[in-house]
Amino acid sequence: MMSIQLANAVCIRCERGFSEQEQMVNSNGEIYHEDCFVCAQCFDKFPEGLFYEYDGVKYCEHDFHMLFAPCCGKCEEFIIGRVIKAMNNNWHPACFTCQLCDATLADIGFVKNQGRSLCRPCHNREKALGLGKYVCQKCQAIIDEEVLRFKGEPYHPFHFNCQHCGKELTAEARELRGELFCLPCHDKQGIPICGACRRPIEERVVSAMGKHWHVEHFVCAQCEKPFLGQKHYERNGLAYCETHFNQLFGDICYHCNGVIDGDVVAALNKSWCVDHFQCTCCNTKLTLKNKFVEYDMKPVCKKCYEKFPLELKKRLKKAAETERKL
């Protein structure tokens with residue numbers, strides 16, 4: 001026989017009493033008929049008894065999310081637990097990311113940039129790009145003064161000290177074998193400095209005119225094309241290619257590389273001083289009246305030519321005939 005207390009109990013939902021054989025559901029001190037313990041939205045029983053309560057009303061998980069749980073602005077799924085509210089929307093912490101680099105912003109903060117949520121480094125890079133400046137790769141701030149380049153990346157110079165003397169560096173610092181040095185300490189390392197750009201030369205060096213040069217910086221003073229191992233001609237501390245030296249200053253002797261002051265011997269598509277036009281084998285002086293043969297783009301007198309092997313003579317004769325046809 002039910003106790004007086006249970007006999008007087010009524011269902012919270014339908015406000016009716018209970019029969020002796022009827023099952024009761026007790027939820028936090030509230031009594032329900034088994035069929036009355038249902039979601040207030042869909043009226044289905046709670047799966048495994050799991051329910052969500054809002055303002056004293058119980059809902060199944062699905063309807064609670066539909067009615068009250070925020071939806072993520074990125075994945076559009078319901079958000080259970082921590083909600084990030086930003087940019088007029090709700091987000092899962094993992095879904096609120098920088099719109100340029102995809103870094104998670106939930107715990108590091110963000111900057112609103114032209115309607116986009118950006119991490120501070122990306123914001124600084126975008127801002128610097130608009131100003132024509134660089135962002136320091138160490139502190140991620142915009143560099144307003146001179147830039148120090150280290151391993152190809154821009155930095156504030158004051159982030160580094162000279163590897164040798166410990167002095168705080170300026171934009172004049174030099175990189176050597178992956179380390180940074182102030183200019184005086186760098187020069188003590190014995191590395192040649194380019195006469196054009198004043199930067200260290202760590203690969204191939206061109207030594208000319210009493211200075212050292214990067215290969216690409218040793219150029220004709222007129223056309224600015226690199227010599228790349230070709231002959232250069234000097235005048236008043238400047239270097240010129242043969243074409244522009246001839247245009248500016250006159251003919252150059254192929255033998256001595258000097259300017260030809262007197263008569264010029266024009267032969268083999270070259271210019272020669274009268275005294276320097278000679279057999280390349282015996283050094284006998286030649287004139288255009290002498291018979292000579294071209295060998296390796298140089299003149300050879302008839303007497304020396306007669307001493308050449310027969311096979312070599314045939315090749316030279318064939319080359320001469322081909323040249324005449326052209």
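**Salt bridges, overall form and selected residues**

Asp144 is exposed, with a relative accessible area of 56%. Here exposed means over 50% relative accessible area, buried means under 20%, and partly exposed lies in between (1.4 Å probe, protein chains only). The model is predicted, so local features need pLDDT of at least 70 and side-chain atom pairs count only at pLDDT 80 or more, while totals for chains, interfaces and linings use all residues. Residues are numbered from 1 along each chain as its sequence is written, and side-chain values use heavy atoms, with hydrogens and water left out.

The side chain of Asp144 meets that of Lys133 in a salt bridge, at 2.9 Å from N to O. Asp144 sits in the loop between β10 (142–143) and β11 (148–150), and Lys133 sits in the loop between α3 (120–131) and β9 (134–135), so the pair ties together parts that are 11 residues apart in sequence. Lys133 is partly exposed, with a relative accessible area of 34%. A salt bridge is a side-chain nitrogen of Lys or Arg within 4 Å of a carboxyl oxygen of Asp or Glu. Helices (H or I, at least four residues) and strands (E, at least two) are DSSP runs, numbered from the N terminus.

The structure holds six salt bridges. One of them joins the side chains of Lys45 and Asp35, at 3.5 Å from N to O. Both Lys45 and Asp35 lie in the loop between β2 (30–33) and β3 (52–54), so this pair ties together parts that are 10 residues apart in sequence. Lys45 is partly exposed, at 47% relative accessibility. Asp35 is exposed, with a relative accessible area of 60%.

Asp275 and Lys285 form a further salt bridge, with 3.3 Å from N to O between their side chains. Asp275 and Lys285 lie in the loop between β20 and β21, so the pair ties together parts that are 10 residues apart in sequence. Asp275 has a relative accessible area of 53% and is exposed. Lys285 counts as partly exposed, at 46% relative accessibility. Salt bridges also form a network, which links Glu30, Glu53 and Lys58.

The chain as a whole comes next. Seven helices and 22 strands are found in the protein chain. Its radius of gyration is 45 Å, well over the 20 Å that the globule rule gives for 326 residues, so the chain is more spread out than a compact globule. This radius is taken over C-alpha atoms, and the globule rule is 2.2 Å times the number of residues to the power 0.38. The C-alpha trace spans about 145 × 55 × 35 Å along its principal axes.

Of the 326 residues in the protein chain, 33% are buried. The accessible surface of the chain comes to about 21,800 Å², and 48% of this belongs to carbon and sulfur atoms. Accessible areas come from the Shrake-Rupley method with a 1.4 Å probe; for residues, only the protein chains shown count as cover. Contacts (heavy atoms within 4.5 Å) were also counted. Among the contacts with a separation of 6 or more, 12% are between residues 24 or more positions apart.

Cys279 lies in the loop between β20 (270–273) and β21 (292–295). Cys279 is buried, at 0% relative accessibility. Residues up to four places away in sequence aside, Cys279 touches Thr284, Leu286, Pro299, Val300, Cys301 and Cys304. Cys279 and Gln99 are 180 residues apart in sequence, and their C-alpha atoms are 76 Å apart in space.

Gln278 also lies in the loop between β20 and β21. Gln278 has a relative accessible area of 19% and counts as buried. Leaving aside neighbours within four places in sequence, the contacts of Gln278 are His255, Asn283, Thr284, Lys285, Leu286 and Pro299.

Val57 belongs to strand β4 (residues 57–59). Val57 is partly exposed, at 30% relative accessibility. Not counting residues up to four places away in sequence, Val57 touches Ala40 and Tyr52. Val57 and Asn257 are 200 residues apart in sequence and 103 Å apart in space, C-alpha to C-alpha.
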